[in-house]
Each structure stands twice: as structure tokens, then as C-alpha cells.
Amino acid sequence: MKRKLWLAAAGVGLAAVPTALWACADVTCQPSWKLGGTSLDCASRGFLSPGNDSRVNLLFLLRSKAGLAFKADKYPVREYYSEGYGQTFLDWQLLQIGLFPGKVNEDPYAERGDYFGSRCISLTGATSAFAAALQANPGVPAAERDKLSAARARVKAACDGGDEAAPAWPEGVGSPAGKAFLGYLQGAEAFYAERWDDARRQFAALSGASDPWLRETAAYMAGRVELNAAQAKAFDDEGWGSGTKNIDQPAIAAAQTALAAYLKAWPQGRYADSARGLQRRALWLSGDAKALAGEYARLLGAVPAGSEQASELIQEIDNKLLFAPERTPAASGPLLLAALDLVQMRDDRYQDDDGQWQGTGPALTKADLDAQAPAFAAEPELYGLLQGMHAFYVQNDPRAVLTLIPDDARRASYSPVAFSRQVLRGQALAALKDRNEAGFWRELLAGASDLWQRPTAELGLALSLERSGQVGQVFIKDSPITDSAIRRRLLGHSAGKDVLKLAAQDSARPQVERDTALFTLLYKQLTRGDYAGFAANAALVPAKAGTEANFWYFYDHESVPVGLFARGKVASGGYPCPALVVTAQNLAKNPQDVGGRLCLGEFLRLNGFDDFTALDDHPAKDELGGARQDFAGQPIERGAIYASVIANAKAPANDRAYALYRMVNCYAPSGSNSCGGQDVEIDQRKAWFNQLKREYPASPWAKKLRFYW
């Protein structure tokens, strides 16, 4: 995967890239509702897992080491991109919003300045610092000060580009101090304009400047010049890296020397943090992953684990160490090593259209992990977790997990590492079909108090109950499974009609959950031929139930359009239909009633059900909702209704003509079938069109239909 390497990092402290492409997955898809996995999923879980975003894993590890909990009054919300997450899943940005509520900006590049992504990011701050230093130096005459302040515009012109000629350097600057400041401006302009030799010469000339700001800034800029010169041919104008072969290694060495000299002279200087960040960038560009890993391990031990700085450091580590292009990943210290181990347990293999396996399997072997034992000598619980994950995910040996991870499901609270250990044990119990699995999850619930922990334990229990055919236990009074996102998915996929009816009338639960149950019950009865059941239960629709049909992310909206079954559209365009409940009653008497079937099709068409699949597409067997349905048959499709009427020679002429009209319009205007069922070629659509015109020329439907698609 090609990755973008921003040049901004060459001028700031932490060298962070806002988006780690390999760390997280596509944010527009929904996560798999199961506990963990080895493939990178749409979102992360609230515990350590190979399928998590590696940044999430590393932050969990850091906070666990520091004994920090994840507490908040409510779960963070990130509009749109966190649809489908419920309170069980998270991503890097959602985690940041949860930890730092002020970080609600969806755009990671917003408010970074016009020059974000280039060396010119430092221009604004440098301009004000230059002005302050110039004003503070008594050796610069007032007239020269004005000229030098105006001359700063030439430096800005080097960043702005354009065809305009750069302003001329001022004349009449004759004082020694004024000349030094002018030399700095000329060096800065050369730096931003990528004239490295000129910049080197100007800043070197200021090494003995009497002004303290000029002397320190020139020493810092000497390292910056070398670093930017070293990478100048390694990135294009958009910031894409072209590989290590175009990095000037002698310049890297010169940069390291200059930065070390600056920090020796000014260890607490105004640019010290930036210089240390540039030293890390120099290590990265030089390819010295071992030294870089050691520095990151040191920083992880020093940074306050609960600070935004820790998150920025993790972002940098993810880009510059764990997933740096053309670098062999390296790690130093138990936290980094654990994060890398989790990445290397991933299994991204898949079968292509030809049935050939693509991608890579887990890179971490048991021998590799065994050899790491000394590195985890002070972290036995973490090492045991890694061993258990490898046994479960890579070796497919869940029984070994039970030996490696003892039962500890009765704590009052859990660190991320401790909680992850117990979740893994629960997964192993599930894989072994252990009769005590459900009891284990019930015990774990009591101490799962951090953000994302209780919904995780509830998911484990819900999966266990569903697999054992006890979905109804989720919805009994005082059920420990209270998370609506979990309950609604079970209602939509696994609950039978009796459970749905009880849930729809459970006044102790939120209205949206009750409406989900009733909507599911009525939809499945209507589309699977239980017309009598539908007619009997339609009376349960609340008088003020909503009818706005927004079926995208069905399980995540705050309202469910259950009112459609009472007040939805039933007729349009001239074909008469009674109320939906009357249509259902007619079909209950005669399921083959032609008018009733066509009116059922009208209801589905007019209320947007053609593209609605949330209650029909079954999740995978290992996901929540993957158990066998309690509704027989397949959902009816409009195309099947029309086909059956067209094939029925005894159908009334007007009904048969309407079925032909609608069947042709299933392909309007794109030529793609919107009515379900098997697509047909254009010749068949033409044949339907001609049949309508030939057999029913006087019908309103023949007169209205002008094209076939």
C-alpha cells in the first residue's frame, strides 16, 4: 500500500502524520459484530486484538501500564463515520474524542494553517519570533528595523510561489546587527526556496552572532537545512515518498551532527522539542529502525499516558516505525514489542475471483514469541495474553488459552490488559462449546466498567445465548444485556415472532427498541406470507409512530418507521389498493389473490422497500445475528409478484397489464433491476413491452408506457 509522507514533519517536533493508512480500515463500512479476529476490521474493539487499529492497541497498552481507566459520563459520538459502531466498537478518532472531548473536528487537517504539509508550516511562528527579536535588539536603528520588517515579505513569497517577482532586499542596512538580521532573512528565504547551499552559508555565518536569538535560531536551522536537503528528492510536490534510494545519507549525517550540537548548546532551548523530533526523523530517514525503536520506547516511558502528547507520539510511532515503507518493523521494550506482535498476528489472506489465495498470513511464529520471553520478564500478564492470542488466533488451539489465561472474571474493575485476557478466555470457552461460557460472561459483566468494556461482555453473552438457542433470554425482565445496539441486531436477525411481539410491548425498554421489534415482526410476516399474523399484529402500531423511511444504517437511527405499516402509501398512479391491513386480510384468505399480491407490491414499491435488506441479509454464522431465523421462507420480491401475474393467463386483463407495465419499469431508467429476482436481458424487456402493447392496447398502462430499458 502506498503511503503519503508529509514534509511538515521536517519542521516540527513530533513528526506526526494524521492518518495511518495501515493502522485502521475503511471508515465507511460497518464492523463485524463478533469478538475479535485477525483481519483488520472497519473498527476496533474495546480490548487488545490483532484486528484492531494498531494505534488503539498501543494506546490501550500505554494506559494499562500507567493504571489509567477509560471513564466518561457518556460514550463519544462521531457523526456518520461511527454509524454501526453502537457502544461496542471504536476507532482512533472516536477514542481521541472520548479521551479529549474538545477534539471533535472531523477534518484532521483543519486549523493547521495554510502551509500544513510543507516546511513552510513554521513560517508564521518564525515571523513573529523574528519581529520580537528585531525589536529587542538595541543595535538595529529604527530605520533599518522598518526595512527588515518589510523584507520579511520576501521570505513569505518563497512559500507562496506564484509568478510575481520577489521583493528586492532592502538597501541601506549598514549596522552590524542589522546586517546579521538581513543575513538571517536571506538564509530563511533560501531555505524555503530549496536553495540549500545558500541557506547553509547564511546560517553558518551567524554561528557567532552577538544576538542570542539569531545565534540559537541559526544553529537550529543548520540541522533543519540538512534534513530537508537530505529528503528533497525523496518526496514529490504532493508529499508522496519515492523510497529510500533518493535520500541523501551524507546530508542525514550532517543533520544529526548539527542537531546534536544544537541540543548540547541549548538543551532547554526554544527549539529543543522540535530538534528532538527532527533527530527521530533523521533516524527514520537513515533507516536505523533499531535506534528509532529505542528512542520511541524511551519516550513511551516518559510521556504522560493520559495526555494528548501521548496520542500524538503513538500516531508518529505508527507511521514511522510500525508501518514505515521500505523499513523492516522494529520494536524495543514490552509495549512496542506487544503492539508489533499484534500486527504480526494478522491474517489478511483472501480468495480472489479465481479462487486463488492472496494476501499474507500471520508473520509471528510461536518460536518468535517464545524467544521474546526475556523482553516481557517484567510484564508476565501481558506476555501471557500474547501467548494466548497466538494460541487462539494463529495455532487454533483454544484449549491452550485456558491454561495460559486463568479465570479472573470476578474483579471489581479491569485494566485494558486484564480485560483483554478475560475476553480471550471467553472466546476460548465459546470455541470449545464449554457449558460454563454464559456464566463466565455474566460474571465478567460486574467489573467491566470502563468505556466499551460492558458492551463487549454483553456481546459475548448475547453470542453465547444465541448460539444455544436462547435468544429469548436476552429480552426477559432484568436481562443483563441492556445495550440497545446488541438487542436491536438480535431482534432484526434472530428473534422469532413470539420474542418480537413481547419485545414490542415491553414498556420498560426504549421506544426505538420496541419499534424495532414491531417493525421486524410486521415486515417479516408481511414479506414471508404470514398475512393473518400481520393483520392481527398491525393493531400494535402506535398511533403516532413515524413513517419517515430512512433504511440506511437501520439499526443505528433513533427512530424506526414502523408507522409505515399503518399509514404508508398503498396506491399511486391509478392502480387502486385498499388499506394495507385489508390487503393482508385478503391474502390471508387467498395467498394467490392477484389484486392482493399486486397491492403488496405497490406497498413495497411506494415506501422504499426495494433496496431494504437490513432484515433479510443474514450475518455470518460467527457474528451476532448469525443463528437460524425463526421465520420460514424467503422474503417476497416485487419482480416475483409481477412474473407470477404475467404467467397467470386467468388473471384479470387490467391486473395482467399492470404487472407487465411494472415489470418493464423495474428496469427504468438505468436498465438495472430494482425489483429483485434474476435480471433479464433487454430482449426480454422488449418482449414484455410488446406483449403489453399487443394484448392490452386499450389499457391505461399500455398507453402510459413509452419505452423499455
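**Note on the disulfides of this model**

1. The link of cysteine 120 and cysteine 159 is left-handed, with -90 degrees about the S-S bond. This pair joins distant parts of the chain, 39 residues apart: cysteine 120 sits in the loop between helix H2 (92-99) and helix H3 (123-136), and cysteine 159 in helix H4 (residues 142-160). Helices here are DSSP runs (H or I, at least four residues), numbered from the N terminus.

2. The model is predicted: local features need pLDDT of at least 70, side-chain atom pairs count only at pLDDT 80 or more, and totals for chains, interfaces and linings use all residues. Residues are numbered from 1 along each chain as its sequence is written, and side-chain values use heavy atoms, with hydrogens and water left out.

3. A search of the whole structure finds 3 disulfides (pairs of cysteine sulfur atoms within 2.5 Å). In the pair of cysteine 120 and cysteine 159, the sulfur atoms are 2.0 Å apart.

4. Cysteine 577 and cysteine 599 form a disulfide with sulfur atoms 2.1 Å apart. Cysteine 577 lies in the loop between helix H23 (564-567) and helix H24 (580-589) and cysteine 599 in helix H25 (residues 594-606), so the pair ties together parts 22 residues apart in sequence. The torsion about their S-S bond is about -95 degrees, so this disulfide is left-handed. Cysteine 577 and cysteine 599 are both buried.

5. Cysteine 666 and cysteine 675 form a disulfide, with 2.0 Å between their sulfur atoms. It is left-handed because the torsion about the S-S bond is about -100 degrees. Cysteine 666 is buried at a relative accessible area of 1%, and cysteine 675 is buried at 3%.

Definitions and conventions:
Helix = DSSP H or I, 4+ residues; strand = E, 2+ residues; numbered from the N terminus. Buried < 20%, exposed > 50% of the residue type's maximum accessible area, 1.4 Å probe, protein only.
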